[in-house]
Amino acid sequence: MMQQYLRIKAEHADMLLFYRMGDFYELFHDDAVRVARLLDITLTQRGASNGNPIKMAGVPYHAAEQYLARLVRMGESVAICEQIGDPATSKGPVERKVVRIVTPGTVTDSALLEEKRDSLLLALHERQGRVGLAWLNLASGKFFVAETAAANLPAELERLQPSEILLEEGVAAPYSDASNKTLPAWHFEREAARRALCQQFSTLDLAGFGCDDFTVGLEAAGALLGYAKLTQGQSITHIRGLQVYSADQYVRMDAATRRNLEITQTLRGEAAPTLLSLLDTCATNMGSRLLGHWLHHPLRERAILRDRLDAVENLGELHRAVHDQLKPSVDVERITARIALRSSRPRDLSGLRDTLLTLQQLQATLVGRDLSRHDNNDVGINPDLPNQPLIAALADGLQADAQLVATLQTSLKAEPSSVLREGGVIADGFDAELDELRGIQTNCGDFLLALEARERARTGIANLKVEYNRVHGFYIEVSIAQSVNVPDDYRRRQTLKNAERYITPELKAFEDKALSANDRALAREKFLYEQLLDQLAPHIPQLQCIAAAIAELDVLATFAERAATLNFSAPQFVDEPVLRIVKGRHPVVEAQVENFIANDTDLQDKRKMLLITGPNMGGKSTYMRQVALIALLAHCGSFVPAQQAMIGEIDQIFTRIGASDDLASGRSTFMVEMTEAANILHNATEKSLVLVDEIGRGTSTFDGLALAYAIARHLLESNRSYTLFATHYFELTRLNEEFQQLANVHLSAIEHQDSIVFLHAVNEGAASQSYGLQVAALAGVPNSVIRSAKKQLRVLEQNSAAQSPQGDLFDHKAVVEPEEQEEHPLLAALREVQPDEMSPKEALEKIYQLKKFL
């Protein structure tokens with residue numbers, strides 16, 4: 001047996017091997033040590049190999065999924081080795097083989113997948129500065145390919161967030177949270193990839209998919225397809241096509257922008273509060289996943305966006321009814337994939353059946369039909385419900401084939417068992433042979449009662465019992481005292497302390513028939529279930545269309561609900577170069593505070609840049625982000641958090657907000673900042689939206705000011721992008737004297753005594769000061785430090801800082817002490833007095849202390 005294990009393990013040396021032994025999956029040697037540590041399960045040892053004890057760890061096969069789920073989340077890959085031989089006929093170890101491989105990017109089981117997040121398998125292949133990307137969602141069958149410049153790879157990884165990445169051996173892994181898997185170079189051979197793809201899609205070439213002239217992209221796609229087939233141990237028929245991803249279809253966002261806007265993950269890496277967590281009130285998991293996809297793929301095609309906006313408006317109050325009817329729906333998308341992979345469970349299919357049965361009512365809701373009216377000449381269409389094209393198309397997409405529904409209805413029980421091995425899956429009356437075998441089991445009790453009555457009469461033993469257990473089967477039990485009275489045809493089966501158990505020829509014959517009937521019934525059910533999967537296979541394309549329609553309808557209903565609940569309004573797309581927002585709000589921040597101050601934004605051809613000044617914590621970053629999020633939501637087809645939004649064409653969104661050092665890549669904070677700025681300056685166009693927050697902070701004052709000035713000037717002169725430029729360098733506010741397309745705006749605040757009140761309102765003109773010391777006081781900086789800072793500030797304001805090409809503000813030679821005297825101790829003591837916090841006794845003691853200062 002260990003020879004068999006070692007032989008199979010050698011074929012899967014780079015992953016864990018779950019080796020089936022009876023009711024357990026066992027792991028041996030290093031695998032056992034590793035899994036015992038990862039899962040915190042018991043590590044034991046048995047026997048010896050080369051004089052060393054064999055270390056073992058195992059998990060029950062019926063509970064394996066929960067352990068697999070934990071391992072996959074840790075980035076582990078597991079080969080599942082099953083017993084495929086018959087133990088009764090095997091002379092040596094039972095024949096075993098690996099039937100599937102579970103990896104982070106190829107999981108399809110519901111227990112192993114995150115319900116509201118896609119699990120993507122990504123293959124990368126780079127050559128001569130070009131990167132081929134192919135990614136597959138095995139749980140839905142969506143397969144994409146793209147080619148891009150190597151410099152764009154970080155942005156693509158941030159967009160896709162794959163669970164597993166396939167790379168050629170010897171290639172450095174990209175910086176990503178995904179699990180990495182290396183493959184030999186021959187997996188990426190182009191002609192082999194082309195043949196494999198054509199065979200998968202049953203086509204002569206790939207011209208119909210628009211990728212016939214691809215090179216590194218096809219090489220990545222071929223490697224990915226081969227790996228996916230290997231892990232499943234079979235063909236993957238639900239992958240029926242290859243889609244070319246074109247970045248020009250979408251509003252581009254680089255990796256920094258996706259992080260800074262906190263679309264699906266906060267800057268701390270948490271799932272909430274984010275834009276997705278705020279918007280996701282979807283009724284189905286399919287809708288939640290599609291919503292996340294839309295937020296990361298804002299469209300540029302105006303026709304599609306207008307259709308979505310019209311659909312959201314037309315759903316109106318109907319969104320409640322749509323969500324109520326969608327809530328019971330199962331995950332049709334993932335169940336369809338499991339049908340194709342022949343791994344669907346009985347309750348997957350019963351849930352699919354129930355969902356398909358509800359779609360007729362949902363269709364009626366969408367098109368306004370009254371199902372209570374049966375007159376064929378009058379279908380009862382509600383004239384008050386607009387016939388919106390997108391909603392009508394989605395309603396048509398929900399149509400399920402009558403034969404498909406009938407097959408599921410007639411073949412499955414209303415509430416089948418959770419697993420096929422327990423039986424009770426196929427409906428009564430569906431198969432005559434199965435009904436006969438079940439009848440034997442059902443009538444078993446009646447036969448035993450009749451036999452018990454006959455044997456009591458025949459033997460005269462009143463307390464004789466006929467019973468059954470799993471270990472000994474059927475038996476007749478009599479007490480020890482009565483055992484002398486049993487007939488000669490009784491054969492002893494078991495002796496207990498107070499009873500004897502017997503078997504008779506009649507009972508033995510029934511036992512053989514009954515027990516074999518159970519085994520035969522289970523085998524028959526398995527055969528019929530496999531036959532049912534075969535019957536469902538031709539319907540896979542239709543089920544995929546139904547799943548897509550449900551998901552899109554769910555998202556549109558969610559947009560309608562969010563618009564009504566959060567007071568969103570429909571954006572207006574125009575051809576003019578303009579970005580005009582009236583009473584705009586940051587949706588996520590608004591949900592976290594009691595009163596949010598709405599602000600206007602006006603960017604146009606003659607007003608391309610807003611130079612934003614104001615205090616720290618005044619709301620500059622929030623204001624900038626809200627403009628980007630409004631543009632993003634509009635390009636997803638959602639209503640937006642504003643009273644009115646007029647949006648011209650936008651091709652990209654860039655952000656340069658905040659920074660931290662990148663220790664993994666050996667880059668300082670300032671280097672990260674400048675890298676992001678360089679990306680903007682090289683790639684932003686006059687149709688791009690650019691957010692720049694406090695550029696130049698990571699170096700000396702004059703270097704930072706000079707860079708901020710030059711970057712702002714370049715954005716105005718060369719890029720001509722829609723730009724929001726926040727800064728504390730007040731010298732930059734004079735740029736509007738040179739560039740009329742720059743407007744100064746500021747977020748106002750009011751200083752009250754030694755504190756500050758933020759108004760969060762955007763006004764025209766530059767701010768008068770930064771209020772940095774007041775904010776420091778709010779943060780709890782000691783009063784002595786604040787006083788010292790005020791003194792130093794007066795020095796800096798009274799003296800020119802430009803005495804040398806590069807002044808050092810903290811050089812003692814450059815600091816001229818003020819002529820004013822030190823503050824009198826009496827004044828300092830009075831400043832420390834807090835009358836409202838003193839008792840009468842403490843106040844009297846303080847008066848005596850102050851008296852001494854005289």
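Trainee: In which loop is Pro273 found?

Mentor: Pro273 is found in the loop between α7 (255-260) and α8 (275-279). Please note that this is a predicted model.

Trainee: What kind of peptide bond joins Ala272 and Pro273?

Mentor: As a general idea, most peptide bonds are trans, and most residues other than glycine have a negative phi. In this model, the bond that joins Ala272 and Pro273 is cis, with omega at about 0 degrees.

Trainee: What is the phi of Ser202, and where is Ser202 found?

Mentor: Ser202 has a positive phi of about 55 degrees, although it is not a glycine. Its place is the loop between α5 (190-201) and α6 (216-232). With a relative accessibility of 67%, Ser202 counts as exposed.

Trainee: What is the phi of Asn567, and is Asn567 buried or exposed?

Mentor: Asn567 is not a glycine, yet its phi is positive, about 60 degrees. Asn567 lies in the loop between α19 (540-566) and β18 (572-573). The relative accessible area of Asn567 is 57%, so Asn567 is exposed.

Trainee: How should I read a helix, and which residues of α3 are buried?

Mentor: An α-helix has 3.6 residues a turn, so residues three or four places apart point the same way. In helix α3 (residues 64-73), the buried residues are Ala64, Tyr67, Leu68, Ala69, Leu71 and Val72.

Trainee: What covers the buried residues of α3?

Mentor: The cover includes β1 (16-21), β2 (24-28), α2 (29-39), β4, β5 (78-83) and β6 (96-102). Just after α3 comes Gly75, with a positive phi of about 90 degrees.

Trainee: Which way do β3 and β4 run, and how many bridges join them?

Mentor: In general, strands of a sheet pair through backbone hydrogen bonds, either parallel or antiparallel. Here, β3 and strand β4 (residues 52-60) run antiparallel and are joined by four bridges. Gln45 has Lys55 in β4 as its bridge partner. The two strands form a hairpin with two residues between them, and Asn50 in the turn has a positive phi of about 55 degrees.

Trainee: How many residues of β3 are buried?

Mentor: The count is zero among the six residues of strand β3 (residues 44-49), which is hardly covered.

Trainee: What is the strand order in the open sheet that contains β19?

Mentor: The order is β18-β22-β19-β20, an open sheet of four strands with mixed pairing. Its edge strands are β18 and β20 (599-604), each of which pairs on one side only. Within the sheet, strand β19 (residues 578-584) and strand β22 (residues 644-647) pair in the antiparallel sense over four bridges. Ile581 stands opposite Ala645 in β22.

Trainee: How many disulfides does the structure hold, and how far is the sulfur of Cys282 from the closest cysteine sulfur?

Mentor: The structure holds zero disulfides. The closest cysteine sulfur to that of Cys282 is in Cys636, 12 Å away, which is too far for a bond. Cys282 counts as buried because its relative accessibility is 13%. Cys81 also counts as buried, at 0% relative accessibility.

Trainee: Which residues form the nonpolar patch that includes Val757?

Mentor: Ile750, Val757 and Leu759 form this patch on the surface, and together they have about 230 Å² of accessible area. Val757 is found in strand β27 (residues 755-764). At 41% relative accessibility, Val757 counts as partly exposed.

Note on methods
Residues numbered from 1 in each chain as written. Predicted model: local features only at pLDDT ≥ 70, side-chain atom pairs only at ≥ 80, totals over all residues. Heavy atoms only, no water. Buried < 20%, exposed > 50% of the residue type's maximum accessible area, 1.4 Å probe, protein only. Pairing = 2+ DSSP bridges. Disulfide = S-S within 2.5 Å. Contact = heavy atoms within 4.5 Å. Patch = residues over 30% accessible without salt bridge, like charges linked within 9 Å, V, L, I, M, F, W, Y side chains within 5 Å. Areas by Shrake-Rupley, 256 points an atom, 1.4 Å probe, with all protein chains shown as cover. Salt bridge = Lys/Arg side-chain N within 4 Å of Asp/Glu carboxyl O.
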